[in-house]
Amino acid sequence: MRRFPRPAPMCAISGTGSVRAEHGHDPDAYVEIGSLTKALTGTLLARLADAGRLDPDDRLTAWLPAVPAGSGITLRQLADHTSGLPRSHPRPASTDPRDPYATLDPQEFDGILRRLDTIATRKPGADQEYSNLGYAVLGAALEKAGGGTYEELLRTHVLAPLGVDEVTPAPPADRTLTARGLFGRPRATWTMTGPILPAGGLWATPRAVSGLVKGLLVDRALGEPAVSWQSAGELRWHNGATRDASVFAGAFPGTTVWAVVHRLGGRPDRTDRAGLKLLAEAKKAPRDRGNPEMTASG
């Protein structure tokens, strides 16, 4: 008997004013946002710089003395992926590929910091290489410079000024939404707490993600978009993918053209395509839409 895959639960929100939830998704449930976390970490870097707590061109060693003096990496290079660090941290042979960050605890991370110069694959500033490890290191430096935990600093300097709640590394269990397996049981998620949190460990409701996009990209309430956002011409965007969740968020800064798409299951590139399609539709839509309209199916 041929088995047909179930449609991936999806939530789509755009500047046209519509909120669409399909196949069991919920715009008010907490979902993993993966590497979209990096856009907030980069914004936190900019905010701490504005507050005089650091300079983006500070050497990493100014804040993390465990890092070898010869590494030469700056905070800005960590944020724009030109630090020379590889995509992932060195993983023990015992690492479970179904949960690749579970072993990255503070003790292991400290050991990584102490040999960061040998882990780097190229000189700082030479080329761009997307690095989850780089953002874990950046998060640790921001905690030292800001004098608080990543979550505390993010809430104080980014989320509260934007008036956005419902973004957290520890969502309430009764409001989380995850992918489900063949027999309907929730599938286990990656362990993204601890040092890896600033690289991809946040959860948020799709409505909260929309508030971040509007605040950071459309209204520019905290200044120019941080270097952590990806660019394609005038478009600023970022995506994220974990084991079973993927998200796309993008906007044309200074306009009302923006879109957020989140999916549970399926291929992450389809989430990106859905987001780009939504942006194209938003460009064509009238600009005087009223309150968001909610539609649901599935």
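Biologist: Which residues does Met10 touch, not counting residues up to four places away in sequence?

Modeller: In this predicted model, Met10 touches Arg20, Ala21, Glu22, His25, Val261, His262 and Arg263. Met10 has its place in strand β1, residues 10–14.

Biologist: Why is Met10 called buried?

Modeller: Buried means under 20% relative accessible area. Met10 has 10% relative accessibility, so Met10 counts as buried.

Biologist: Which core includes Met10?

Modeller: A core of 11 residues, with Ala259, Leu278 and Ala282 also among them. That core lies apart from the largest nonpolar core, which has 64 residues.

Biologist: In the largest nonpolar core, which residues touch the most other members?

Modeller: Leu60, Val137 and Val167 do. Helix α5, residues 132–146, gives the most to this core, with 9 residues.

Biologist: What is Val167 in contact with, leaving aside its neighbours within four places in sequence?

Modeller: Val167 is in contact with Tyr30, Leu40, Arg155, Leu159, Leu202, Trp203, Ala204, Ala208 and Leu212.

Biologist: How do you know whether Leu142 is buried or exposed?

Modeller: By the cut-offs, under 20% is buried and over 50% is exposed. Leu142 has a relative accessible area of 0%, so Leu142 is buried. Leu142 also has its place in helix α5. Apart from neighbours within four places in sequence, Leu142 is in contact with Thr41, Leu44, Leu45, Leu48, Leu54, Gly147 and Leu153. The C-alpha atoms of Leu142 and Ser228 are separated by 14 Å, with the two residues 86 apart along the chain.

Biologist: Why are α3 and α5 called roughly perpendicular?

Modeller: Angles of 65 to 115 degrees count as roughly perpendicular. The axes of α3 and α5 cross at roughly 100 degrees and come within 12 Å. α3 and α5 are therefore roughly perpendicular to each other.

Biologist: Which residues make that contact?

Modeller: From α3 there are Phe109, Ile112 and Leu113, and from α5 Leu133, Ala136, Val137 and Ala140. The residues of this contact divide into 7 nonpolar, no polar and no charged. In soluble globular proteins, nonpolar side chains tend to be buried together.

Biologist: What puts the buried residues of α3 on the same side of the helix?

Modeller: The residues in question are Glu108, Phe109, Ile112 and Leu113, which are buried. They cover an arc of only 145 degrees around the axis, and so they lie on the same side of α3. On the other side of α3, Gln107 and Arg114 are exposed. The buried residues of α3 pack against α4 (116–119) and α5.

Biologist: What makes α1 and α6 roughly perpendicular?

Modeller: The range for roughly perpendicular is 65 to 115 degrees. Helix α1 (residues 37–50) and helix α6 (residues 150–162) pack at an angle of about 80 degrees, with their axes 10 Å apart. α1 and α6 are therefore roughly perpendicular to each other.

Biologist: Which residues make the contact of α1 with α6?

Modeller: α1 contributes Thr37, Leu40, Thr41, Thr43, Leu44, Arg47 and Leu48, while α6 contributes Tyr150, Leu153, Leu154, His157, Val158 and Pro161. These divide into 8 nonpolar, 4 polar and 1 charged.

Biologist: Why is His23 called partly exposed?

Modeller: Partly exposed falls between the cut-offs of under 20% for buried and over 50% for exposed. His23 has 34% relative accessibility and therefore counts as partly exposed. His23 is not a glycine, yet has a positive phi of about 55 degrees. The place of His23 is in the loop between β2 (18–22) and β3 (31–32).

Conventions. Residues numbered from 1 in each chain as written. Predicted model: local features only at pLDDT ≥ 70, side-chain atom pairs only at ≥ 80, totals over all residues. Heavy atoms only, no water. Core = buried A, V, L, I, M, F, W, Y, C linked by side-chain atoms within 4.5 Å. Buried < 20%, exposed > 50% of the residue type's maximum accessible area, 1.4 Å probe, protein only. Helix = DSSP H or I, 4+ residues; strand = E, 2+ residues; numbered from the N terminus. Contact = heavy atoms within 4.5 Å. Axes fitted to C-alpha atoms, helices over the stretch in contact; angles between N-to-C directions. Parallel < 35°, antiparallel > 145°, perpendicular 65-115°, else oblique. Nonpolar A, V, L, I, M, F, W, Y, C, P; charged D, E, K, R; others polar. Arc of directions from axis to C-beta.
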